[in-house]
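Student: Please take a close look at the paired side chains here. Start with the charged groups, then move to the rings and the packing around them.

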Amino acid sequence: MSLKSERRGIHVDQSELLCKKGCGYYGNPAWQGFCSKCWREEYHKARQKQIQEDWELAERLQREEEEAFASSQSSQGAQSLTFSKFEEKKTNEKTRKVTTVKKFFSASSRVGSKKAEIQEPKAPSPSINRQTSIETDRVSKEFIEFLKTFHKTGQEIYKQTKLFLEAMHYKRDFSIEEQSECTQDFYQNVAERMQTRGKVPPERVEKIMDQIEKYIMTRLYKYVFCPETTDDEKKDLAIQKRIRALHWVTPQMLCVPVNEEIPEVSDMVVKAITDIIEMDSKRVPRDKLACITKCSKHIFNAIKITKNEPASADDFLPTLIYIVLKGNPPRLQSNIQYITRFCNPSRLMTGEDGYYFTNLCCAVAFIEKLDAQSLNLSQEDFDRYMSGQTSPRKQESENWSPDACLGVKQMYKNLDLLSQLNERQERIMNEAKKLEKDLIDWTDGIAKEVQDIVEKYPLEIRPPNQSLASIDSENVENDKLPPPLQPQVYAG
């Protein structure tokens, strides 16, 4: 408390912060100036005094009952009437006495009487979350088992964590910004103490801080997530209404490089939408960030399959915007604010979790400011789409209410696909007829060119040449060949 005051430049008299009982420890205004130890002692004294007063009240009522019973015996004339009234009074007083004694001896008793010297705070009890959920019990056991491996350091961490939860219990009336500041200061102080005093390696510090965040935020979740003192719920409704009004936005308008006609890509898109919706069911900021990270990785895989190459940041952000528009995650603004306020700052400032979370914030900001220019549309078309008068895919006669059942929506989606197939078939038929006409024109053109050539160069049919005489023929005229060789016979 004094460190924070010095950091802000505010001078605080240290004597004013000490316990009223003079034990030397710092007091807490929520405990009427006492420290935690003295507060428990004073609380125990007040409780014992209240129990003693109730015992005295019960004894006094018993004496009055006995006196009333004795006086009723003296009047014999009205004995039956008096006895019935006495029995009724005795039953009422006995019930009141038993209820009073049970109330102050029960395990969940609370000091709520106006006669007590010390009044409790507005919270029902100084203990944290008496009626814990099953998940809270499980997380507590896991946290204790985890700290057992650190021995003395683990004991010190557990003690600091319990003190922090007790302090936060009495700060529920503070603004959410002040509670966030206290939580961030606690993260920073614990991490610095482990590194300086405990000499814990940075890797183990990160693991310990993750477990601390999981433990304390599981317990504080229902008090600090979307509190009534903020306008988070109003922002949630506004962004949901905005996304619902932008249901007509297509991937082509956002230049999304994802082809959902590919089965693998379609599965990745469905998984990404599931992860971003699942974020709202988590309690710990780190688990919510993990959902965002898984969603982003599915987006990168979908882009990689579609483009057959690794995705870039320019491809990722438009696709993330499309996933948010298609999924419309519940309580989106509340989840973003919750992560920003109570997540371990080292996780948001470094690593892929912080990168993907920053992109999600940018996607939400883009959706809030989306206009006609962002989608390369005319203002007239944008206004008609936003008002629901028409849709890029459906005509006015095909519009349907957003509240229609899934079967009706699927029916209109199928009709829309059939309409697109019909348009495609008509386009193919027109192209086929055009191709047929081009082939006929080409054939006629070739025939005409051949005819022109034939007319320009007519074919002359000449008589065939006379056949050549045989070389051995005897009737060859003008034969200038030498006489044939005659065989000669030589003697011996």
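**Charges, rings and core**

Tutor: Arginine 347 is buried, with a relative accessible area of 15%. Buried means under 20% relative accessible area, exposed over 50%, and partly exposed in between, with a 1.4 Å probe and protein chains only. The model is predicted, so local features need pLDDT of at least 70 and side-chain atom pairs count only at pLDDT 80 or more, while totals for chains, interfaces and linings use all residues. Numbering runs from 1 along each chain as its sequence is written, and side-chain values use heavy atoms, leaving out hydrogens and water.

The partner of arginine 347 is aspartate 353. They form a salt bridge, with the closest N and O atoms 3.0 Å apart. The term requires a side-chain nitrogen of Lys or Arg within 4 Å of a carboxyl oxygen of Asp or Glu. Aspartate 353 is buried too, at 14% relative accessible area.

A search of the whole structure finds 16 salt bridges. Another one joins glutamate 156 and arginine 193, at 3.9 Å from N to O. Glutamate 156 sits in helix 5 (residues 152-169) and arginine 193 in helix 6 (residues 176-196), so this pair ties together parts 37 residues apart in sequence. Helices are DSSP runs of H or I with at least four residues, numbered from the N terminus. Glutamate 156 is partly exposed, at 39%. Arginine 193 is partly exposed as well, at 34%.

Lysine 148 bridges to glutamate 145, with the closest N and O atoms 3.1 Å apart. Both lie in helix 4 (residues 134-148), three residues apart, about one turn of the helix. Glutamate 145 is partly exposed, with a relative accessible area of 48%. Salt bridges also link Arg138, Glu142 and Lys214 in a network.

A charge can also meet a ring. Arginine 172 lies over the face of tyrosine 223, 3.6 Å from the ring centre. The criterion is NZ of Lys or CZ of Arg within 6 Å of the ring centre and within 35 degrees of the ring normal.

Now ring against ring. The whole structure holds 15 aromatic pairs. Rings of Phe, Tyr and Trp (its six-membered ring) pair if their centres lie within 6.5 Å; planes under 30 degrees apart count as stacked, over 60 as edge-to-face, and the rest as tilted. Tryptophan 248 and tyrosine 385 have ring centres 5.0 Å apart and planes at 50 degrees, so they are tilted. Tryptophan 248 lies in the loop between helix 8 and helix 9, and tyrosine 385 in helix 15, so the pair ties together parts 137 residues apart in sequence. Both residues are buried.

Phenylalanine 300 and phenylalanine 316 have centres 4.7 Å apart and planes at 5 degrees, so this pair is stacked. The former lies in helix 10 and the latter in helix 11, so parts 16 residues apart in sequence are tied together. Tyr221, Phe225, Tyr338 and Phe342 form one aromatic cluster.

Last, the packing. The largest nonpolar core has 46 residues, and Val249, Ile292 and Ile323 have the most contacts inside it. Such a core is a set of buried Ala, Val, Leu, Ile, Met, Phe, Trp, Tyr and Cys residues joined through side-chain atoms within 4.5 Å. Helix 10 gives the most to this core, with eight residues. Beyond its neighbours within four places in sequence, valine 249 is in contact (heavy atoms within 4.5 Å) with Leu254, Leu325, Leu370 and Leu375. Another core of 29 residues lies apart from this one, with Val139, Phe164, Leu220 and Val224 among them.

Terms used
Helices (H or I, at least four residues) and strands (E, at least two) are DSSP runs, numbered from the N terminus.
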